[in-house]
Amino acid sequence: MFQADRFYMSQALVLARRGRLSVSPNPMVGCVIVKNGQIIGEGWHRFAGDKHAEIHALDQAGENAKNASVYVTLEPCCHFGKTGPCTDALIKAQVVKVVVATLDPNPEVSGKGVKRLQDAGIVVELGLMQQEAISLNKIFFHYHQTHLPYVIAKWGMSLDGHMTTHLNDSKQITDQASKREVHNLRNQVDAIIVGRKTVVADNPKLMVRMTDSQMIKHPSRVVLSKTADLPLNAVLFNDKTAKTIVFTSHLADKQTLYALQDKGVECIEVALNKDHELDLHEVLIVLAAKEISSVLVEGGQTLLNAFFSANLVNEVQAYIAPVIICEFRQKVVVNIKEMGFLKADYYCIAEME
């Protein structure tokens, strides 16, 4: 029977992953309902504000859910949020057993959902494939356990370690496949962080333009500049598709801040650290208070170095292109993919200890 339990929980985890690009800041959750050895209902949380996985599965199972067993990747909620408590729905459906992979780290739920089910006479089994379930929602767990956003540092680079090209060359180092992965990543996080130099040099939009998801969720755009010496005509400050936040210090140019606020940009002053730069830990605390559970640090190199120096990076996603950027050559970008040495971009992910 234990093998069967693992099979059903594995299927629930597969279902949960379907929400990877659309559920943030909520967790990915999957649910499978089984009766007489047959799956009679399946569901997953599809996007924030939508029905939870258990409700989708119960809807599919209908009245047949009575006396069935339920396999769910995260403890069912027991409080009213944007939707009603899943525990109440399971109790009303008269299921007899609920197998839960892991407790919910959210203090509004943690352990209370299990107790609610047990008090109603439902058998609850906890811990099946727990590590897989926690790993699936590493961002959600980090946010609730540390009260800080999960920080992903992202960059593209050449084989010889360059992150930028010469002024006369294309700024894009990596290929279209890598670019699509970056936009999928943007669709997963709650905010993108850049520094002043990136805004001035690249005038980026920092929006999701190409993704494998049918639902696009533009993350908040965060700019760090201790002096707020920023171009008011930048796309970030004039496009209303996503929220834009500027973190600055007491050194900020007040007139620029007033102008930015008139454009609907939120301006927040934070302290400077011992190096007389913005205190990144304080920035993350403020973002967490705004229910931003994950951030993507996109650039530039100075800002990335600052996050690493402050020991605030949880994960690295680096895109290494098969090109060499050499200043001493007339042709500054040598594409060795075309020379036949490499066939595609390399993409690596590393989680920080």
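K274, with a relative accessibility of 73%, counts as exposed, where exposed means over 50% relative accessible area, buried under 20% and partly exposed in between (1.4 Å probe, protein chains only). K274 also forms a salt bridge with D275, and their closest N and O atoms are 3.7 Å apart. A salt bridge here is a side-chain nitrogen of Lys or Arg within 4 Å of a carboxyl oxygen of Asp or Glu. The model is predicted, with local features needing pLDDT of at least 70 and side-chain atom pairs counting only at pLDDT 80 or more, while totals for chains, interfaces and linings use all residues. Residues are numbered from 1 along each chain as its sequence is written, and side-chain values use heavy atoms, with hydrogens and water left out.

The structure holds 14 salt bridges. One of them joins the side chains of R116 and D88, at 3.4 Å from N to O. Because R116 lies in helix α4 (residues 112–119) and D88 in helix α3 (residues 86–93), this pair ties together parts that are 28 residues apart in sequence. Helices (H or I, at least four residues) and strands (E, at least two) are DSSP runs, numbered from the N terminus. R116 is partly exposed, at 38% relative accessible area, and D88 is likewise partly exposed, at 31%.

Helix α4 also holds D119 and K115, which sit four residues apart and so are separated by about one helical turn. Their side chains meet in a salt bridge of 2.8 Å, N to O. D119 is exposed, with a relative accessible area of 55%, whereas K115 is partly exposed, at 48%. Elsewhere, salt bridges link K154, R186 and E298 in a network.

Turning to the interior, a nonpolar core is a set of buried Ala, Val, Leu, Ile, Met, Phe, Trp, Tyr and Cys residues joined through side-chain atoms within 4.5 Å. The largest such core has 27 residues, and L224, F247, L287 and F307 have the most contacts inside it. Elements giving two or more residues to this core include β6 (150–157), β8 (220–224) and α12 (301–309). The largest share, four residues, comes from α11. Apart from this core lies another, of 23 residues, with A57, L58, L117 and I122 among them.

K97 is placed in strand β4 (residues 97–100) and counts as buried, at 14% relative accessibility. Beyond its neighbours within four places in sequence, K97 is in contact with residues including D5, Y71, I122 and E125, contact meaning heavy atoms within 4.5 Å.
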